[in-house]
Structure formats: structure tokens, C-alpha cells
Amino acid sequence: MTGRGAHRFWVAAVAVALVLAGVVSWYASSSPDGLERVAEDQGFVDRAEDHLLGDSPLADYGVEGVDDERLSGGVAGVVGVVVTLAVGAAVFRLVRRRGGADPAP
Amino acid sequence: MHIPDGFVDAPTSAVAGAVAAGSVAVAARRCGEELGERQVPLAAVTAAFIFATQMLNFPVASGTSGHLLGGVLAAVLVGPWAGVVCITVVLGVQALLFADGGLTALGLNVVNLAVVGCLGGWLLYRALRAVLPDGALGVELAAGLAAFASVPLAAAAFVVEFAVGGTADVDLGSVFAAMVGTHVLIGVGEGVITALAVGAVLGTRPDLVHGAGPPRPREVGAEEVAA
């Protein structure tokens, strides 16, 4: 890592992910995705069962109790990016230590 | 392309779960051995970026949308083994926090998107690197083309699972044609986004791009998947 330039890359990368999930996601298509569409067309979409965690507070990328659709989706997206970042960092540090790579400082 | 619960029966889902768990365990061990200290943050950021882009469904045909799967993107940026772990983290967060992708179908989704999409896509990428010109353009082109192909490949993997344990009595030939046909279109988006994202990282931090190394065999990257 070489000073400010390296630092700036990480800030920019995380910022891009946050903006994509928090803001750009407002404009995402709400049409069924490829598998869903094929399941509809081929007549097996009704085999899908309700998600076991379908009542969870962030189910379907919305925040329970927040009525504004954009705010709800945007906050869910930001939470998702932060959680994925944290889980990813924890998992990769863990597997790296267990894999016997050079010890973490 | 997240499979919900109910499309594929329990025994098939359980087998897929075992295959997924085994594959992720191998991937975790391999990436633990080869992942440098500096690549840990990139791997985590790659997972977060893929999570974000998977929220961005783009229209592909009338009344159908698709989003990035990210297998080839992850493999090219952080290596195929770390890529499998990246995609698995994303699928886990989506299933547990956002009720996206069934819980019993998690193994199926890991097999299709992480094992087939990421490892399969990486093999395609290596093959393309060997025939395409060296340099940034070759890397971007190979990443884009491999990403394109990885989407119908993952869709075909679903059809195999559906053929083994599908819960509806429908014509498999037409499910296959529809899945592959639709996902070829989604693959175009996958290819473009992957090429642009790889290009963006190559342009700013080429040292971080795992797959940018020399394309010839005998290089570490080629052995990884073969071993």
C-alpha cells in the first residue's frame, strides 16, 4: 500500500458499491428475473414456496415499517453492502489464518 | 437466478448442499493458502460490489430482467478459490438477511453461481487468455467473454438439477431452451459489466488483479483449478 493513492482506491470502491445499492437500485427493473420468467412461462412458478425468513425485517430488499419505497430499498441496499463487506472481511481473514498463509500482523 | 425453495426436491437439494459445502471447504483452504494480506480487503470489497450489482436488475426482453452473477468478475479479481468464497458470502447474506434465494436451495445456488459460475467461468477465462492477445485489452475481452458464457452455463446447471429433482412435471427440453435462451441475453449484460469492472480495476490498481498475470500454462493460475 503506497500512501494516499492506495487509500483512495478503497474509499472509491466502497463508495461505488454503496451508491449502486443505495441509489442506483431505485432504477432497477422490477420485471421477473430469468429463472422466474421461465418458471412462469413453463408453468412451474407455483412450486416456489414462501421463504422461511420471508417475514424478516429486511426481506425482499426493503426495510420493514419504512413506507417510502426508495428509502426502504436504499437503506436495505446500504445495510447489505456493509454486512457483506464485514462478513467478507471476517471470512477471508479467518480462512487466511487457517490456511497457514503468512501470519497476520 | 436465485432458486427459491420448492423448485427442486429435498434429496436433490441435500446432495447439492453437500457438494456445495465440500467445494466451499476446498475453496476456503486453497484461498487461505494463496491469498495475500493485501488481497483480503479486495476480496471483501469484491463481495460487497457483487452484492450491490445483484440488486441492479436490467431489462433483457419484454417483461424479463437479469442481474450480474459475478462469478467471473470475482475469479479474475481475486482468484477462482477466493471467488467461490466471495459468491458464497453474497448468497448467504442474501438468503439469510434479505429472504432472497431459498434456504434449502442455498446449496443449489452455491453450486450454480459459485462452483459452476466462478470455477467454470475461470476455466473459460484461462482458455480465452491463451488465445487472445496479451495486455489489458486481452484481459478485459477474456473476462467479458467468459462472463457472458458463464451465465447460460449456470442456467444449464439449474436445468440438470431440475431434471434430477424438479417438483413439476414439465417438458425438460423446453425448460432447457428457455433457460439457456433467456440467460444468453442476460449473459450479454454480465459480459459488459464484467469487462468494464475489470477494466476499471486494471486501470487504477493493476497489481490487485489476480487474473491479469501471464496467460500461458505453468503459471500458478493455471494449476489452481487443475489441482
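This briefing describes the fold of two chains, the contact between them and a few individual residues.

The structure is a predicted model, in which local features need pLDDT of at least 70, side-chain atom pairs count only at pLDDT 80 or more, and totals for chains, interfaces and linings use all residues. Residues are numbered from 1 along each chain as its sequence is written, while chains are lettered from A and ligands numbered from 1 in the order in which they are written. Chain A has three helices and zero strands, whereas chain B has eight helices and two strands. Helices (H or I, at least four residues) and strands (E, at least two) are DSSP runs, numbered from the N terminus.

**Chain A**

- Along the sequence, chain A reads α-α-α.
- Of its 105 residues, 28% count as buried. A residue is buried if 20 or more other C-beta atoms lie within 10 Å of its own, exposed if 12 or fewer, and partly exposed in between, with C-beta atoms placed from the backbone.
- Among contacts in chain A between residues at least 6 apart in sequence, 45% join residues at least 24 apart. Two residues are in contact if their C-beta atoms, placed from the backbone, lie within 7 Å.
- Helix α2(A) is followed by Gly43(A), which has a positive phi near 80 degrees.

**Chain B**

- The order of elements in chain B is α-α-β-β-α-α-α-α-α-α.
- Buried residues account for 63% of the 227 residues in chain B.
- Among contacts in chain B between residues at least 6 apart in sequence, 77% join residues at least 24 apart.
- The C-alpha trace of chain B spans about 50 × 35 × 30 Å along its principal axes.
- Chain B has a radius of gyration of 17 Å, which agrees with the value near 17 Å for a compact globule of 227 residues. This radius is taken over C-alpha atoms, and the globule rule is 2.2 Å times the number of residues to the power 0.38.
- Helix α7 of chain B (residues 172–204) has 33 residues and reaches 46 Å from its first C-alpha to its last, close to the 48 Å expected at 1.5 Å a residue. The expected span is 1.5 Å times one less than the number of residues in the helix.
- At Leu185(B), α7(B) bends by about 30 degrees; the bend is the angle between axes fitted to the seven residues ending at a residue and the seven starting there.

**Where the chains meet**

- In total, 54 residues of chain A are in contact with 60 residues of chain B.
- On the side of chain A that touches chain B, α1 (3–22), α2 (34–42) and α3 (69–98) of chain A each supply at least two residues. The largest share, 15 residues, comes from α3(A).
- The residues on this side of chain A comprise 30 nonpolar, 15 polar and nine charged. Here Ala, Val, Leu, Ile, Met, Phe, Trp, Tyr, Cys and Pro count as nonpolar, Asp, Glu, Lys and Arg as charged, and the others, Gly among them, as polar.
- The buried residues of α2(A) are Gly34(A), Leu35(A), Arg37(A), Val38(A) and Ala39(A). These buried residues of α2(A) pack against β2 (64–66), α6 and α7 of chain B.

**The nonpolar core**

- The largest nonpolar core has 105 residues, and those with the most contacts inside it are Val85(B) and Cys86(B). Helix α6 of chain B (residues 136–165) gives the most to this core, with 15 residues.
- A nonpolar core is a set of buried Ala, Val, Leu, Ile, Met, Phe, Trp, Tyr and Cys residues joined through C-beta atoms within 7 Å.
- Leaving aside neighbours within four places in sequence, Val85(B) contacts Val91(A), Phe92(A), Val95(A), Val24(B), Ala27(B), Ala28(B) and Cys31(B).
- In soluble globular proteins, nonpolar side chains tend to be buried together.

**Individual residues**

- Most residues other than glycine have a negative phi.
- Tyr61(A) has a positive phi, near 60 degrees, and is found in the loop between α2 and α3 of chain A. Tyr61(A) is buried because 23 other C-beta atoms lie within 10 Å.
- Ala99(B) also has a positive phi, near 55 degrees, and its place is in the loop between α4 (80–97) and α5 (106–131) of chain B. Ala99(B) counts as buried, with 21 C-beta neighbours inside 10 Å.
- Gly138(B) lies in helix α6 of chain B and counts as partly exposed, with 17 C-beta neighbours inside 10 Å.
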